[in-house]
Amino acid sequence: MADRINLLDLGPADAEARLREFMAASREAPYRARQVARRLWRSPAPSLAALTDLPLALRGALEAEFTLPRLTVAARQRSVDGTEKFLFRLADGEAIETVAIPDGGRLTLCISSQAGCALQCAFCATGAMGFGRNLAPWEIAGQVREVMLLDPPIMPTNIVFMGMGEPLMNWRAVDVALTTLNDPAGIGIGARHITVSTVGVLPGIQALAARPEQFRLAISVHAPSDALRQRLMPINTKYPLAAVIDAARTFVRRVTFEYVLLGGVNDRGGDATALAALARQCGAFVNLIPLHPGGTGGFTPSTPSATAAFARSLRARGVEVALRKSRGMDISAACGQLRVERLGRRAPGRPEEHADIHVA
Ligand code: SAH
């Protein structure tokens, strides 16, 4: 038997087209294709065998041809603030993290795009783990599918690519996953409720900009000068600040700057002034993110007064600012930490660090 087709790895339209071909070849009614396609993402089924509204013989025939693979929940933790964190095990033993963050009527799901990360940002736990591999499209969108399959289901209203990995270094898969997340025949989350967060991978920003949907872009800036950014984010040698700001300026839609406040490192008065100038150059909105405590690299979070002064300074210069709260502090919820706890580190001897999840 030829390899079976993973229906979840195709965009919803392609999956339905494959199902239509299959139904035609099997002399089944054409409407059956749509009936199955609906159960891929919109109203997800745990397996093909679970499609009990189909005749048994058809279910068997579908199983011979197609697969609906699952991610396995290896750990689940719930914070007193309602934040929930999942560690998913992949078929090859890799593990990724997903975080569900309720906030009023919204539920933001923070998803991973790679197992591990190659970028080594100085304050980030995932970077300290090293790079495992790119996720396939179905493993990216599948994180959303899996939480929708829980009992009771978690139904995300917003998606942020702020889990493990650099989404724009896995564009081919992220491209398909964005379609699955947004397409009304897929999960159907509005493009403006889906945010891709990047260190500033220029070809990826261009590819995202070229899509017709209004996906949001968040850029991890974290420093207002190349000298400092280089220290915090080694990728700055490849994608320096000026080029990243330029890409943000030409991005079709308004971008968000992410800025993790590191006490005494990037939170001084001069930093705020310089950051305000950059934000104004491209009309960016600034998300100030508290450093998740417990990290290494000798970093400490900014004090409340330094944080407030930083935000005030930006606002005084006409920049729109949001101050993010850390969520899930009591569940060792910092991204990367759960995996480190359960599986050990990829690169032994590296310091344990935290990469918190934040809602854009
Ligand atoms: N690679 C992408 C997306 C994943 S990280 C990016 O860098 O944008 C999502 C956000 O979490 C980034 O802004 C990242 O810098 C930030 N982050 C990483 N470690 C953190 C920590 N310890 N505390 C707070 N934010 C952190």
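**Helix pair and core**

Mentor: Start with two helices, α10 and α11. On the α10 side, D271, A272, T273, L275 and A276 meet F310, S313 and L314 of α11. Contact here means heavy atoms within 4.5 Å. This is a predicted model: local features need pLDDT of at least 70, side-chain atom pairs count only at pLDDT 80 or more, and totals for chains, interfaces and linings use all residues. Numbering starts from 1 along each chain as its sequence is written, and side-chain values use heavy atoms, leaving out hydrogens and water.

Helix α10 covers residues 269-281, and α11 covers residues 304-316. Their axes come within 9 Å. They cross at roughly 35 degrees (N-to-C directions, on a scale from 0 to 180 degrees, with lines fitted to C-alpha atoms over the stretch in contact). The crossing of α10 and α11 is right-handed (near helix turned clockwise from the far one by less than a right angle).

The largest nonpolar core has 104 residues (buried Ala, Val, Leu, Ile, Met, Phe, Trp, Tyr and Cys, joined through side-chain atoms within 4.5 Å; buried is under 20% relative accessible area, with a 1.4 Å probe and protein chains only). L62, F161 and F257 have the most contacts inside this core. Domain 1 (5-67) and domain 2 (72-343) both give residues to this core, so the core lies between them. Those bounds come from an automatic or database assignment.

Take F161. Leaving aside neighbours within four places in sequence, F161 touches several residues, including I111, I140, V174, L178 and L181. Among its other contacts are S113, P167 and T195. Another core lies apart from the largest one. That core has 6 residues, among them I101, C110, V160 and M162.

Terms used:
Buried < 20%, exposed > 50% of the residue type's maximum accessible area, 1.4 Å probe, protein only. Helix = DSSP H or I, 4+ residues; strand = E, 2+ residues; numbered from the N terminus.
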